[in-house]
Amino acid sequence: MFDALSERLESAWKKLRGQNKISESNVQDALKEVRRALLEADVNLQVTKKFIEEVRSKALGAEVVAGVSPDQQFIKIVHEELVVLMGETDAPLAHRENPPTIILMAGLQGTGKTTACAKLALHLQKQDRTVLLVATDVYRPAAVDQLITLGKQINVPVFEKGTQADPVDIAREGLAQAQADQIDTVIIDTAGRLQIDQDMMGELAAVKAAVQPDETLLVVDAMTGQEAANLTRSFHEQIGITGAILTKMDGDTRGGAALSIRQVSGQPIKFVGIGEKVEALQPFYPDRMASRILGMGDILTLVEKAQEEVDLADAAKMQQKILEASFDFTDFLKQMRLLKNMGSLGGVMKLIPGMNKLSTDQLQQGEQQLKRVEAMINSMTQEERRNPDLLSSNPSRRQRIATGSGLKVADVSKLIADFTRMRSMMQQFGMGGGLPGMGGNPL
Ligand code: GDP
């Protein structure tokens with residue numbers, strides 16, 4: 001995801017690297033690079049211009065934090081602005097107290113609208129919400145059948161009246177059915193066209209007026225690129241949307257659509273589609289997305305730490321320890337807590353080269369794994385933490401830790417093996433040089 005964009009941005013950081021302060025002249029080149037990267041990623045021109053101005057003024061006004069180089073600080077500012085641009089917080093879906101909550105799905109044909117209806121239905125079902133899918137796309141020949149098939153697959157009822165009925169009537173009757181059956185949420189699939197067309201907009205507006213939805217979600221294909229801005233604008237002006245679902249983010253897609261939607265409509269991206277399967281839907285997290293765009297979780301971690309006034313001398317000591325392979329479980333726990341306090345798993349795993357492109361699922365699993373790791377380290381004696389080798393050779397110590405943490409001996413053995421491997425990997429790459437984007441600066 002966003003590979004091209006993050007690669008382009010890499011060269012922007014390089015231009016700032018080695019400079020010792022952010023000034024008008026050295027920020028100029030980096031900004032140009034960011035601008036070019038965004039435009040090449042098909043971000044709308046106006047959106048890009050506004051973004052660049054924000055970053056410029058923030059960068060020039062920024063206090064240089066001790067122990068952090070200008071390129072790192074610049075990245076932090078770019079990251080923060082990306083988060084703002086994409087919507088700041090993850091936006092929840094409306095949920096009416098008196099059911100049913102009504103969700104109207106809009107979008108062009110082929111964007112993944114029908115699939116997204118089923119994905120969303122499954123997502124809500126997992127939260128114990130009952131769902132009724134309503135098929136009003138009477139034009140695309142297979143749309144009704146497709147929704148029926150998807151409904152069966154996830155065990156969600158589908159209200160349909162074939163392809164001869166009027167979409168507004170189908171929507172109204174579907175809603176009445178949901179009320180009668182005390183269904184929690186109704187998701188209405190609507191007809192798309194290959195391009196924006198007044199018939200489609202007229203029909204969509206009529207369905208919307210008839211059912212008064214709580215959410216009108218625009219489904220946008222992430223590969224739409226530059227067009228996404230115009231598309232979003234048209235739908236928002238003519239229909240009024242409350243959010244978007246960005247599909248096909250699993251493909252070889254550029255970042256433009258994600259960056260443009262919010263800016264153009266003022267409405268958030270609520271979900272991201274990451275595959276053809278019904279399970280392939282994720283909430284949209286702007287901060288995570290921004291980190292992924294930049295591919296720079298480790299740098300952000302570093303800057304945050306410095307800003308939180310973590311003792312930098314301590315950090316330097318940590319680096320020394322890693323190089324000397326005396327990095328132990330106490331240090332590991334300390335690092336983990338720091339990362340956890342920042343509320344993201346940018347952390348230990350991401351510091352390892354090649355591990356910075358994790359999916360949300362992987363991140364969640366990682367977070368759980370971190371909890372288990374913490375429980376195990378907490379069950380170690382101080383001596384064991386200082387000297388992990390004690391554990392490699394002593395099964396009864398491993399058994400005691402397993403009992404103490406409520407986990408299996410195999411988990412403890414795996415932790416020790418992983419830790420040992422990680423420590424030698426850190427040494428091999430050298431914290432001062434080889435980690436992605438570290439630029440030779442002390443940890
Ligand atoms: P609609 O015309 O907008 O209702 O589009 P469909 O739901 O029929 O989807 C069009 C095509 O895109 C189908 O082949 C889907 O399987 C595929 N599709 C939908 N969402 C995604 C996604 O998130 N990723 C990928 N790779 N394919 C998707």
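This is a predicted model: local features need pLDDT of at least 70, side-chain atom pairs count only at pLDDT 80 or more; totals for chains, interfaces and linings use all residues.

Student: How many helices and strands are in the chain?
Tutor: The chain has 20 helices and eight strands. Helices (H or I, at least four residues) and strands (E, at least two) are DSSP runs, numbered from the N terminus.

Student: And how much of the chain is buried?
Tutor: Of the 443 residues, 45% are buried. A residue is buried if 20 or more other C-beta atoms lie within 10 Å of its own, exposed if 12 or fewer, and partly exposed in between, with C-beta atoms placed from the backbone.

Student: What share of the contacts comes from residues 24 or more positions apart?
Tutor: Such pairs account for 76% of the contacts in the chain with a separation of 6 or more. Two residues are in contact if their C-beta atoms, placed from the backbone, lie within 7 Å.

Student: Okay, on to α2. Which of its residues are buried?
Tutor: In α2 the buried residues are Val27, Ala30, Leu31, Val34, Ala37 and Leu38. They sit on the same side of α2 because they cover an arc of only 120 degrees around the axis. The arc is that of the directions from the helix axis to the C-beta atoms.

Student: What does the face turned away from the buried side carry?
Tutor: That face of α2 carries the exposed residues Ser25 and Gln28.

Student: How far does α2 reach?
Tutor: α2 covers residues 24-40, which is 17 residues, and spans 24 Å from its first C-alpha to its last, close to the 24 Å expected at 1.5 Å a residue. The expected span is 1.5 Å times one less than the number of residues. After α2 comes Asp42, with a positive phi near 70 degrees.

Student: Let's jump to Glu53. Where is it, and is it buried or exposed?
Tutor: Glu53 is in helix α3 (residues 45-61). It counts as exposed because it has 12 C-beta neighbours inside 10 Å.

Student: How do α3 and α4 pack?
Tutor: α3 and helix α4 (residues 70-86) pack at about 140 degrees, with their axes 10 Å apart. That makes α3 oblique to α4. Axes are lines fitted to C-alpha atoms, for helices over the stretch in contact, and angles run from 0 to 180 degrees between N-to-C directions. Angles under 35 degrees count as roughly parallel, over 145 as roughly antiparallel, 65 to 115 as roughly perpendicular and the rest as oblique.

Student: Which residues make that contact?
Tutor: From α3 there are Phe51, Glu54, Val55, Lys58 and Ala59, and from α4 there are Phe74, Ile77, Val78, Glu81 and Leu85.

Student: What about Pro70, buried or exposed?
Tutor: Pro70 lies in α4 and counts as buried, with 22 C-beta neighbours inside 10 Å. Pro70 and Asn26 are 44 residues apart in sequence and 9.6 Å apart in space, C-alpha to C-alpha.

Student: And α7 with α8, at what angle do they pack?
Tutor: Helix α7 (residues 167-180) and helix α8 (residues 198-211) pack at about 25 degrees, with axes 9 Å apart. That makes α7 roughly parallel to α8. Among the residues that meet there are Leu175 in α7 and Val207 in α8.

Student: What is phi at Gln212 and at Lys248?
Tutor: Gln212 has a positive phi of about 50 degrees, and phi of Lys248 is near 60 degrees, also positive. Gln212 lies in the loop between α8 and β5 (215-221), and Lys248 in the loop between β6 (243-247) and α10 (256-265).

Student: Are those two buried or exposed?
Tutor: Gln212 counts as exposed, with 9 C-beta neighbours inside 10 Å, whereas Lys248 counts as buried, with 22.

Terms used
Residues are numbered from 1 along each chain as its sequence is written.
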